[in-house]
Structures are given as C-alpha cells and as structure tokens.
Amino acid sequence: MNANELKQALAAAVAAAQAAGQVMRRNLNAPKKINEESLHDIKLELDVRCQKLIQRKLHRAFPKISLLGEEGESGNVTTEYRWVVDPIDGTVNFAHGIPHACVSIALQGRSTDAHSDADYSTLIGVILDPFTNELWTAMRNGPARLNGRIIRVSQRKDLGHSVISIGFSKSKLNLERSLPLLCSLSRRARKVRIMGSAALALAYVATGRLDAFIERRISLWDVAAGGLIVQCAGGNFRMKPLRGYHRYAMVATNGVIGRQLRVNW
Ligand code: LIP
C-alpha cells in the first residue's frame, strides 16, 4: 500500500469504528442478548452485530483485505494485508452498562512470504471510545493523535508517582501469575487500576494518563491497534506469543519506568 492508500484505509477504519460506536452508544443501557456466558466472561449478540457492521464497511472500501476479529475471521487472514478487529473491547463493562469500552481496529501488513502473526506488523491503529467521543489514531512511523491532536506518553520516571493498569484474563493459571504482580505493584506504584478494556488502557498510556499497562494473556485484536498507538506516542510496547489462538503476554510503558515494573514474562 502506498501513502495515499494507507490514508484511505485509516479513513475507512475511522468510519467503521464510528458506525459501531453509534450502536454501542444506543445500547449501553438497553437489555443485551447474551450469546455465551462463562465464569469470567460474557459474549454479547452486540459483539457479533458490531463486528459484522465493521466488516461490511471495511469490505466495501477494501474488498481484498481479510478480517481477523474477536467474533471470527472473514476471508483468508494470511493474505498480505488484514484488518484486526475487536468490535467491543471491554465487553463485560459494556454488558453491565459501564461506559468504559471501545472499538479497536488495526490494519496489519505481512513483511515476508510466511504468514504467522510474527510476520505481520501493524500499519494503522484506530481506537474509538464512543462514550467520551475520544478517537485515537496512528499510522506507522507517524504521530499518535487523540481527536486530531498529537499525543505523547508521560515522562514520569518514578514508579511511586505512576498509575499502572493491569488486565486479568480468565484462566486460573493466569490469575495465579498475575496476582503477585498486582500485590507488588500495589505497594510500589502510586495506584494500580484494573479497568476492563485493554485497548483503552493502551490508548491511556499513549495519552500519558497511565504510565504502563500489563496483561499476561491477551488476544491480538485487544492490543494490535493500541500497541501501535503507544509506539507512535513514544512509548514502549512489547508482546510475547503464547500457546493458543493469537494469544500474547504484553507490556506497554511510557518507555521510562519499564525496568521498575519487574514483569517476569
Ligand atoms: C477484554 C480485555 C481485557 C481483558 C479481558 C477481555 P473483551 O477484552 O480488554 O483487558 O482483561 O479479559 O479480554 O473480551 O472485552 O473484548
């Protein structure tokens, strides 16, 4: 893709995110149909509806680009370009009427003939919080923006003056590994927050609201857009592949306090 095509792709992703965001705003306090419910998770019919809406809009603009989303794949997701989409990140918050959730859309390009996740890099990131009307965008090698304004990560150097967010996915093993870190950081950081949306936590790191976000087991669609936005805002974003379907351990920081976090995965 050339620069002009990337700009068109960014505009298409923003339009798709805004359409899904409108559905989220209309339904925040409405009764929601639950498709699946487990001990720590909820899958909504609205997740599926929003992903289909995003998929229709992106496919109309770029019919040859496949889509890898939390609610399934569309097309061959090992092609040269693919959208990586979480239609509602923060689903449990949203299901409970908590207005802390977002739409996350990334465009990835494959850099080699192989087609594992490691062969893809994120070219565009879009995160929309439809409840605060905040739109984060970034294009690789360019600045990160919030509602068009260039943003930068914080420069806080002292963990004792920092606010750190941690995400917890569902597994027993993951909690056993993550809770000790939560305890340790609760003692050493100014505050620790568990907010329920990885994409928004990454957007907050990029904006300087948070100083780091850590999650030991997360899906690619939760973090692809936010990871690029953090990097374009001058922060550090690191992912380690785990066993399972597009699963990663990840750490995002302002690029200054990383060592103090003592994350050992
Ligand atoms: C959520 C992430 C969150 C994680 C949850 C869940 P979802 O994504 O944003 O950070 O802790 O387990 O994966 O399911 O709301 O799209």
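Modeller: The lining of the largest pocket takes at least three residues from domain 1 (3-150) and at least three from domain 2 (159-261). This description rests on a predicted model. The space in the largest pocket comes to about 850 Å³. Its lining consists of 31 residues, and those closest to the centre are Asp 41, Phe 168, Ser 169, Lys 170 and Glu 215. Several elements each provide at least two residues of this lining: the strands β2 (42-44), β5 (81-89) and β13 (212-219), together with the helices α3 (91-95) and α6 (220-232). Of the contributions to the largest pocket, that of β13 is the largest share, at five residues. By class, the lining of the largest pocket comprises eleven nonpolar, ten polar and ten charged residues.

The second largest pocket has a volume of about 270 Å³. Sixteen residues line the second largest pocket, and Gln 108, Tyr 120, Thr 122, Phe 237 and Met 239 are the ones nearest its centre. Two or more lining residues come from each of β7 (120-129), α6 and β14 (236-241). Here α6 gives the most, with five residues. The lining of this second pocket divides into nine nonpolar, five polar and two charged residues. Because domain 1 (3-150) and domain 2 (159-261) both contribute to its lining, the second largest pocket lies between the two domains.

Note on methods
Residues numbered from 1 in each chain as written. Predicted model: local features only at pLDDT ≥ 70, side-chain atom pairs only at ≥ 80, totals over all residues. Heavy atoms only, no water. 1 Å grid on protein atoms, 1.4 Å probe; cavity = no way out; pocket = protein on both sides within 12 Å on 5 of 7 lines; lining within 4 Å. Points joined across faces, edges and corners; volume = space filled by probe spheres on them. Helix = DSSP H or I, 4+ residues; strand = E, 2+ residues; numbered from the N terminus. Nonpolar A, V, L, I, M, F, W, Y, C, P; charged D, E, K, R; others polar. Domains from an automatic or database assignment.
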